[in-house]
Amino acid sequence: GLARLRWRFVTSTLSNAGMAAVVAVVKYAELPFDAVLTAELAQSYKPAPSVYQLAVDYLGYRPHEILMVACHKYDLKAARAFGMRTAFVARPQEFGPDAKPDTAPESWFDLYADSFVALAQAPGRLGRVCSPHPSPARRNVPSIIGTQPPPTCADVIAPLSFRTRVR
């Protein structure tokens with residue numbers, strides 16, 4: 001899913017984890033990202049607006065041109081308040097087989113998917129959400145950024161297991 005998304009969009013991490021940790025995960029899992037951003041660059045943590053501002057500053061997109069993809073509703077609420085579009089991707093096993101995280105769709109999500117493969121397979125819906133009016137300073141490629149994962153997952157558009165390799 002991530003490779004397919006990257007073919008059409010600029011992809012980046014946006015994590016509360018430290019830069020060294022995220023770079024190690026991206027390298028170890030061979031995740032195809034255009035950029036690696038972490039809250040460490042803003043010297044803050046999500047949901048602080050300064051963290052979401054990183055995507056605007058470093059990627060050169062306006063907030064409404066960015067689709068924040070996450071499995072944490074607090075993260076998407078903050079991104080939406082900042083002006084970003086939102087996509088929730090359910091990750092029901094995030095806290096183990098006995099946990100019951102809230103993965104229910106919300107009316108304020110721009111997109112909802114049960115997997116990153118499903119998100120990547122929604123080109124018509126993704127295109128409408130991700131590419132409203134690209135900035136003239138860049139090529140016509142919308143941006144998608146990922147979210148903060150638990151320590152066992154890659155902090156990416158798709159929070160994937162360390163064991164997962166995306167090609």
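A contact here means that heavy atoms of two residues lie within 4.5 Å. The model shown in these views is predicted.

**View 1. Contacts along the chain of the protein.** Among contacts between residues at least 6 apart in sequence, 57% join residues at least 24 apart. The protein has 167 residues, and buried residues make up 51% of them.

**View 2. Helices and strands of the protein.** The protein contains 6 helices and 6 strands. Their order along the sequence is α-β-α-β-α-β-α-β-β-α-α-β.

**View 3. The largest nonpolar core, with 24 residues.** Leu14, Tyr52, Met68, Leu76 and Met84 are the residues with the most contacts inside this core. At least two core residues come from each of strand S1 (10–15), strand S2 (35–38), helix H3 (49–59), strand S3 (66–70) and helix H4 (73–82). Helix H3 gives the most, with 6 residues. In soluble globular proteins, nonpolar side chains tend to be buried together.

**View 4. Surroundings of Leu76, a residue of the largest core.** Residues up to four places away in sequence are not counted in this view. Leu76 then touches Met68, Val69 and Ala70, and also Thr86, Ala87 and Phe88. Trp108 and Phe109 are touched by Leu76 as well.

**View 5. Another core, of 11 residues.**

Methods: Residues are numbered from 1 along each chain as its sequence is written. This is a predicted model: local features need pLDDT of at least 70, side-chain atom pairs count only at pLDDT 80 or more; totals for chains, interfaces and linings use all residues. Side-chain values use heavy atoms; hydrogens and water are left out. Helices (H or I, at least four residues) and strands (E, at least two) are DSSP runs, numbered from the N terminus. Buried means under 20% relative accessible area, exposed over 50%, partly exposed in between (1.4 Å probe, protein chains only). A nonpolar core is a set of buried Ala, Val, Leu, Ile, Met, Phe, Trp, Tyr and Cys residues joined through side-chain atoms within 4.5 Å.
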